[in-house]
Amino acid sequence: MHYFSIWHFIGLTFLLLVAVGCSEQVERRTYQEIHVAVSAPSVTDPPVGQAPVVAKSAELVWALPPGWQEKASAQSMRLVTFSSGADTDGSIVVLPGDVGGEFANVQRWAGQVSVEMSDDELVTFIAEQERLTSAGGFPVLLIDFSRAVEDDSPSMLVAIVELPQKRAFVKLMGAATVLRAESANFRALCASLASHMPSAEEPAEKGTIAWDVPEGWSIEAAQGMRLATLRPAADPDGLCTIIALGGAGGGLEQNVVRWARQLKAELEKPAEFIARQPKLDARSGPPVLLVDLLELQPKQDGPSMLIGVWTLEEQTIFVKFSGSVSFLTRNRQAFRALCRSLRVE
Amino acid sequence: MAKKQSIIARLRKRWLVQRLMDLRLTVSGLLLLMVLTAWGTLFQKTHGLWAAQERFFYSWFVTVDAFPVAPGGRLLLWIMFANLLAATIFRLRYKLLNIGQILIHWGLLVMLVGSFVTYHYAVESTVPLHEGEATNLSQDYRAWELSVWEAQAGNSQQVYAFDATMLERDIPLEIPELGVVVTAKAYHENTRPAPAGTIHAQNSVGEQQTLMAVEGAKDPQRNLPGGLFRVVAGDQQADVILFGADTAPIEVTFGGKKISFQLRHRRYVLPFVISLTDFVKKEHPGTSMPSSYESTVELRYGEIDRPVRIFMNNPLRHRNFTFYQASFANTEMGEQSVFAVVENVGRLLPYISSGIVFAGLLVHFLVMFAMRRDPKVKRKMEA
Amino acid sequence: MKTTRLIIALAALVLTSFGEPLDPSALGQIAIQHTGRIKPLQTFAQATLLQLNARSSHRLVAEDGGGDGKLDATEWLAQVLFEPERTFSYKTFRINNPLTADALGIEREEKFRYSFAELRDVFETLESLAQKASRLESDERDPVDTELIRVYNNVRTYLHLTDALSFLAPSPRFSVPAPEIAAELGLAPGRSEYSFYEVLATGPKLASGLRSVDLAAPATWSEEEASLFALARSLHEANRMLSTTAGILHIIPVPGEPWRPPHAEFFAGEERPVLTGLALIREAYLRRDQAAFDSGVASLNAVLSSQLPPDDEQARYLQSVPVEQIYNQLDPFYSAKFLYLFSLLALATGALFLRRPCYWLSALLLVTGGVLQIVGIGMRMYITSRPPITNLYETFIFVGAIGFLMGLLLELIQRKGMGLLVGGISALIMLAVSGKFGQDGDTMEVLQAVLDSNFWLATHVVTINLGYAGCCVAGVIGHIYLVQRLRYALRRNASRPQPTDDERKGLTETYAMVFGVLAFGLIFTFVGTVLGGIWADQSWGRFWGWDPKENGALLIVLWCAALIHARLGKMIGQVGMAAGAVLGIVVVMMAWFGINLLGVGLHSYGFTSGVARNLVAYCAIEALFLLAVVPLVWHLEWRAARWIKSQADAADTKRTAKAQA
């Protein structure tokens with residue numbers, strides 16, 4: 001303690017830190033990544049036994065302003081790619097459900113164009129943006145980021161269009177000065193959005209999906225893409241959800257494989273498996289394919305699923321019944337009755 | 001006068017100890033901390049929380065134009081820790097009457113130790129999951145890495161990753177296992193797509209993309225780095241543009257092998273696999289303000305596979321990890337539940353220290369209350 | 001002569017009773033879902049009127065500009081819903097900035113209130129100016145732009161209200177010129193114009209009348225068929241217009257979902273109980289039939305509440321609706337303010353004469369006010385099913401109540417009147433400040449998801465507000481100590497430079513209270529801050545993040561700790577401690593709502609304009625107070641010390657002289 005004072009200690013530590021900090025070494029990390037991806041809805045693989053799904057652009061019509069060109073046509077959820085001329089990229093994309101709402105999306109886009117706003121500022125920003133009703137009666141929210149940045153940084157004009165049970169995003173990206181000049185045209189494009197209906201005379205009532213709730217089952221309200229959540233009241237071990245997804249909802253085979261994986265089972269030949277599954281007649285429209293995964297679960301109290309897949313023209317309804325094998329067996333009749341009661345009203 | 005004084009009594013006489021346990025140091029420390037806190041809070045309004053933390057609370061000195069004008073949070077808290085330690089050991093009288101005070105001061109010491117442990121060892125990251133998605137990795141909020149792996153079928157792969165700080169230097173990054181060497185030809189910590197930019201090349205996979213360097217964002221979480229990378233494998237080479245906002249990796253084929261490259265947030269390995277089975281969001285009726293959101297996840301480790309519900313104020317705790325329901329997002333692939341993950345060895349320290357201090361406060365209060373009846377104490381209190 | 005006068009008097013009585021206005025207060029009991037919460041229409045009316053008019057009751061102005069009576073919020077709402085044309089000329093819209101009136105091209109009003117009729121004339125200008133202003137960046141806007149946006153939104157709210165029940169009013173769009181057609185459809189005879197609702201109710205009859213019509217050949221239609229078709233088309237168009245607006249009166253309960261406005265019932269089936277009920281109420285209102293109105297409201301209410309199953313969680317809120325009405329009527333905090341004021345006045349009077357009676361009167365008034373305030377808090381807790389503090393407005397109310405309780409406690413210990421003074425001042429000031437934060441309309445709000453935890457709201461928020469209360473009360477007592485000390489210092493003179501024993505005792509007691517209450521404040525603020533850290537750790541994984549509100553609480557803890565340690569180390573005396581306690585109030589105010597002015601972080605949940613200005617003014621006043629009092633006390637006591645010293649020297653010299661002699 002006499003020869004080694006605190007100053008010596010401090011000096012040594014300092015030198016050590018300097019030595020460590022100055023070394024130039026390439027550090028490389030190695031790790032094992034485990035990732036189960038979610039299958040994105042795509043139209044490119046037609047479900048087994050069905051005709052290829054109709055192109056989406058039949059759903060919406062619009063008028064491109066003069067001088068704007070279409071660069072590519074429908075591709076999965078993107079209805080069209082276009083440009084307003086000099087160095088801009090535009091697109092119209094249709095997504096099912098309410099896609100998270102205005103705030104979440106505007107926040108995401110603001111991040112993409114380096115517009116920094118606190119949550120409060122964002123709410124005010126959204127409230128200040130223009131809203132209009134398009135030619136087809138769809139409410140449109142026009143978001144103009146080009147005025148929120150300095151001159152020439154990359155920016156975007158984007159609109160959220162409320163379609164029945166879906167949302168369309170109309171986007172135009174480019175330099176801010178260019179976008180400011182095109183904002184009137186962009187507005188005109190959005191205002192021209194209308195639905196392409198075969199019978200234009202009477203206002204076509206968009207059909208709503210309906211079903212009969214089995215006796216003794218409770219039902220919870222709709223949320224976005226989920227039309228309903230049902231539970232047998234006396235039997236709390238399982239859950240039935242009715243979900244509507246646009247288009248083919250991700251491809252039947254892909255979905256079946258994914259469901260099997262959720263049950264820790266691998267389907268050797270999914271196409272054959274699907275072909276074996278029974279079909280039930282619904283009250284209106286096409287038959288419901290009943291995917292029965294009970295055989296994949298050996299244990300009586302292990303989890304399994306029964307899924308009714310009802311493929312309509314523009315959307316696919318999934319009636320997903322999950323619970324233990326014994327639960328599903330007990331309530332199977334009620335589930336079949338539910339699937340048979342599906343109809344469009 | 002006892003010949004053999006205790007160590008504490010002897011040390012108490014040392015000059016350093018006398019200075020360290022001085023009450024004037026305590027008062028000035030407290031006042032300085034007030035100034036720092038007030039200044040830092042005002043600064044935060046214009047510059048954001050991250051910048052304020054870095055400049056005022058996590059720094060050794062607060063500088064104005066590179067001149068240190070005040071001690072920063074770290075220095076000040078070290079000094080106050082030393083002051084508190086000295087006072088607790090040397091100034092406090094260890095009598096039964098003082099047990100409340102003793103507990104309070106020791107509790108505060110533990111709190112400061114806890115903050116040290118958290119600051120140096122805690123790792124905060126995030127896990128965003130779509131329904132049906134599973135992963136064993138969490139992502140850093142700010143740091144980025146270049147990840148390289150061989151694209152294989154199945155859910156699991158071996159990934160080789162380099163911190164983004166390496167990319168700013170022109171060093172060849174070697175991956176002998178894959179026989180690949182990557183060099184960053186151009187790299188910026190914050191870029192955006194642009195019609196004509198400074199980073200431009202034809203990707204080997206045929207897509208053309210141009211990026212332009214922009215100023216670093218006020219909040220580093222908004223940074224999207226991008227770069228042009230030259231990949232060399234044997235006698236083949238390819239130029240690849242990687243952009244932080246791309247959700248899919250770029251695949252390059254080298255003689256039969258498909259190698260994937262991606263610029264993504266730094267990954268941390270979790271000792272378990274977490275998968276999202278269900279996400280539910282409720283809103284206040286008639287408003288768009290969320291009233292609650294909750295996720296049901298499956299936790300897989302070893303042979304165990306169990307479902308857990310995570311929602312507001314109800315995190316999942318597993319070993320040193322805590323999983324919080326932070327928020328939700330919406331992407332092209334559907335609704336996404338976003339979790340905040342904190343790995344903190346010292347996460348119990350704030351609770352322990354709070355318990356000690358609360359106990360001390362209670363005891364002190366009770367002792368004071370009981371002692372008020374005693375006339376000796378009463379007179380002392382009135383002085 | 002006498003008989004004539006009697007007849008005239010009787011006639012006058014009869015005539016005036018015919019023109020008696022109807023009391024629509026029964027309407028206030030209907031429950032509406034608004035801003036996420038279920039509340040009585042009375043609260044909705046008050047909040048809306050406050051938003052448009054900046055007052056919760058509507059003053060009517062006569063032709064000559066003088067006063068012409070007053071409508072309370074429910075009366076005004078009833079008029080807007082049932083006879084909107086009457087309200088067009090009322091000066092409903094408050095526009096604070098005369099330049100806004102200029103921008104719109106309307107004449108400036110002295111009293112800053114404008115009628116819908118005036119604004120309707122310039123509505124296009126208002127709309128386009130407001131939309132352009134909203135497209136500007138928020139810091140590019142000047143006060144006129146902000147006000148234009150506000151006024152435009154208010155006018156739109158007003159229009160929605162006038163439209164809300166417009167489907168019950170007869171309209172030229174639904175005219176049936178031929179009485180036979182009207183009879184066939186089952187419409188009421190003797191009129192040519194009908195309302196949307198009446199035409200809707202003819203339902204199947206209208207449809208069957210049109211069945212044989214060839215839509216492709218209008219030329220072949222008979223007059224009857226043409227008028228039926230016109231009716232159907234008007235019905236269709238009106239329905240489309242009505243269903244695109246969200247409707248503002250969400251009064252039809254729906255279990256588990258947002259409530260629906262009345263027009264949700266249009267096509268819900270043959271039975272339309274809510275619409276029928278509303279039509280009845282409207283008719284009764286227009287006929288000025290009080291009995292029919294009241295019974296109509298009661299039966300409509302029964303119909304509406306029956307829509308919820310009794311075990312539904314929303315049914316519980318329906319039960320608290322009448323409690324909220326009582327709360328509105330009672331307005332406890334408003335009355336409490338006056339009781340505190342009078343209590344303080346009584347105390348002041350007691351200092352001059354009638355000491356004992358004034359003391360007891362003051363105590364009685366204070367306690368009544370305090371009990372009223374606590375009852376108010378309790379009612380709010382019952383109505384919202386939440387702990388007492390969920391927003392900034394409620395923090396002031398709560399701290400005021402704690403101030404009252406602490407004052408009461410001090411008084412019970414000391415019985416000298418100081419406790420009454422402290423309690424009255426603290427509670428009064430807190431209530432006065434709270435008024436500034438209650439201007440947004442409905443002070444009972446819903447919480448965002450991350451704040452939605454009754455446990456933490458009850459522990460962390462309550463504890464920290466107790467800490468604020470303690471520090472504020474300590475500051476108030478600090479003021480009293482300094483004033484006391486100054487008084488005694490002023491009394492010192494050359495002949496008696498020492499303080500008397502009584503003076504010393506008084507100061508010691510006051511000082512002990514300052515110290516004790518400050519310690520209480522420190523403890524609770526500290527505990528509250530730590531609980532906040534634990535909440536943060538439970539919620540998003542970090543105990544402390546240097547968030548502005550966390551920093552604010554830390555500032556208070558640091559200040560109190562610094563004061564106590566400074567006193568411990570004898571670095572400051574009693575005066576220093578008292579001055580420190582006074583400054584403590586400034587620190588508390590900064591932490592409390594100065595932080596909110598920064599608008600940063602999760603805690604930015606309250607903001608009102610003018611607050612910044614008042615805060616700065618308050619700090620200036622305190623600074624002046626301290627700068628005036630403290631040096632004066634020091635100077636006077638230094639002078640007194642010199643007198644004591646010269647006296648002692650004189651006594652010394654005398655003694656030595658005596659000894660020498």
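## Strand pairing in chains A and B

In this predicted model, β6(B) and β7(B) form a hairpin with four residues between them, and Gly179(B) in the turn has a positive phi of about 70°. Strands, like helices, are DSSP runs numbered from the N terminus (E, at least two residues for strands; H or I, at least four for helices). Two strands pair if DSSP finds at least two bridges between them.

The model is predicted, so local features need pLDDT of at least 70 and side-chain atom pairs count only at pLDDT 80 or more, while totals for chains, interfaces and linings use all residues. Residues are numbered from 1 along each chain as its sequence is written, chains are lettered from A and ligands numbered from 1 in the order in which they are written, and side-chain values use heavy atoms, with hydrogens and water left out.

| Strand | Partner strand | Bridges |
|---|---|---|
| β6(B), residues 173-175 | β7(B), residues 180-188 | three bridges |
| β7(B) | β11(B), residues 226-233 | seven bridges |
| β7(A), residues 139-144 | β8(A) | five bridges |
| β8(A) | β9(A), residues 166-175 | ten bridges |

In chain B, Ile175(B) has Val180(B) of β7(B) as its bridge partner. Val181(B) stands opposite Val232(B) in β11(B).

In chain A, β8(A) pairs with β7(A) and with β9(A). Leu142(A) stands opposite Ala159(A) in β8(A), and Leu157(A) faces Leu172(A) in β9(A). Strand β8(A) (residues 154-163) is largely enclosed by the rest of the structure, because nine of its ten residues are buried. Buried here means under 20% relative accessible area, exposed over 50%, and partly exposed in between (1.4 Å probe, protein chains only).
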